[in-house]
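I opened this notebook to record what I looked up, one topic at a time.

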Amino acid sequence: MTSVTEVRGPARRAPGGDRPPRGPDHGAWFLVLPALIPILVLSVGPLLYGILLAFTDAQSGRTEPTRWIGALNFQDLLHDTLFWESFRIGLVWALGVTVPQFLLALGLALLLNQNLRLRWLARALAIVPWAMPEVVVGIMWRLVYNPDAGILNETLRDLGLGDGRDWLSGLATALPAVIVVGVWAGMPQTTVALLAGLQNTPRELHEAAAVDGAGAWRRFRTVTWPALRPVALAVTALNLIWNVNSFALVYVLTNGGPGGRTRLPMLFAYEEAFRYGQFGYAAAMGCVMVAVISVLLAVFLVGRLRGGDDA
């Protein structure tokens, strides 16, 4: 007679029951460190040092030690009308470059996405301005805008549209002329990003919409744009940051003139730091610019993301 207690096989183990709890994977940090260390050293470190410098009276050429003065630099900035005027000019510049840049780049990307002859050559030529340093672009466009022998004024004279003008020295034309250069120089990278987004859109969706009788505009609005919206959001945000922080292009073209009409905030801070030696005051300007840009960018991103959710 067999015992009441039967010999049973081993009980099934609950999933993960005998496994030790898994702790943090410290080995992953060794993979991240090569990319993290340059960011900390070259970006986060200078930013923190600049914020600290903004609360001091650091100047060049002084023999006394630098003193901690609290928020005195920021109080002076509140009453500095020249700085706020440069900030207004900077916002006009940033929006005046970013919006046309995106619209023109979108049109060019849609064109380059078509099955055109020599499309590879057109795509290569479209990114030529991107391969040129900003200093070279500025020098080239100074020659274009030259009042005596520039190609722009020569063309206007040949067409009988006047004797030309000094585009970069006129109070009314300097900022628009610089904005045109900014749009031309920044359009290639926007075009490349949007073209990449267009090529990731499945062609089957376009073909299905065309079979259903949707026209070109309706296909763009219902198929192309929803797929392109994340790329457009990212590239517009980056362009806005880059354009607000512009320095080299405007410095080469006008050096902030005439009469401060193209003096962007970065140029103003540069002059305060390296022409007048007011390092603490210039650092305070940088802190204000970082704060304002962060707020504007946050508002822009929240608005666009909410718009995407509603759509």
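**Elements.** I took helices as DSSP runs of H or I with at least four residues, and strands as runs of E with at least two, both numbered from the N terminus. On that basis I read the order from the N terminus as α-α-α-α-α-α-α-α-α-α-α-α, which comes to 12 helices and 0 strands. I note here that the model is a predicted one.

**Whole chain.** I looked up burial for the protein and found that buried residues make up 34% of its 311 residues. Its accessible surface comes to about 19700 Å², with 65% of that belonging to carbon and sulfur atoms. Of the contacts with a separation of 6 or more, I find that 66% join residues 24 or more positions apart.

**Cores.** Which residues have the most contacts inside the largest nonpolar core? I noted Trp93, Trp141, Tyr145, Val181 and Leu253, in a core that has 26 residues. Two or more residues each are given to this core by helix 3 (81-112), helix 5 (134-144), helix 7 (174-199), helix 9 (216-244) and helix 10 (248-253), and helix 7 supplies the largest share, with 7 residues. I then followed Val181, which, leaving aside neighbours within four places in sequence, is in contact with Val137, Trp141, Tyr145, Leu249 and Leu253. Another core, of 15 residues, lies apart from this one, and I list Phe83, Phe268, Met285 and Cys287 among its members.

**Helix 3 against helix 9.** How do the axes of helix 3 and helix 9 cross? I found that they come within 10 Å and cross at roughly 145 degrees, and that helix 3 passes helix 9 in a right-handed crossing. On the side of helix 3 the contact includes Trp93, Val97, Gln101, Phe102 and Leu106, while on the side of helix 9 it includes Phe220, Trp225, Leu228, Asn239 and Val244. I sorted the residues of this contact into 13 nonpolar, 6 polar and no charged.

**Asn73.** I find Asn73 in helix 2 (residues 72-78), and I count Asn73 as buried because its relative accessibility is 7%. Not counting residues up to four places away in sequence, Asn73 touches Ala54, Thr56, Gly280, Tyr281 and Ala284.

Phi of Asn255 is near 55 degrees, a positive value in a residue other than glycine. Why does Asn255 count as partly exposed? I gave Asn255 that label because its relative accessibility is 36%, and the class runs between the 20% limit for buried and the 50% limit for exposed. Pro258 lies in the loop between helix 10 and helix 11 (265-275) as well, and I noted that the peptide bond from Gly257 to Pro258 is cis, with omega near -5 degrees.

How values were computed: Residues numbered from 1 in each chain as written. Predicted model: local features only at pLDDT ≥ 70, side-chain atom pairs only at ≥ 80, totals over all residues. Heavy atoms only, no water. Core = buried A, V, L, I, M, F, W, Y, C linked by side-chain atoms within 4.5 Å. Buried < 20%, exposed > 50% of the residue type's maximum accessible area, 1.4 Å probe, protein only. Contact = heavy atoms within 4.5 Å. Areas by Shrake-Rupley, 256 points an atom, 1.4 Å probe, with all protein chains shown as cover. Axes fitted to C-alpha atoms, helices over the stretch in contact; angles between N-to-C directions. Left-handed = near helix turned anticlockwise from the far one by under 90°. Nonpolar A, V, L, I, M, F, W, Y, C, P; charged D, E, K, R; others polar.
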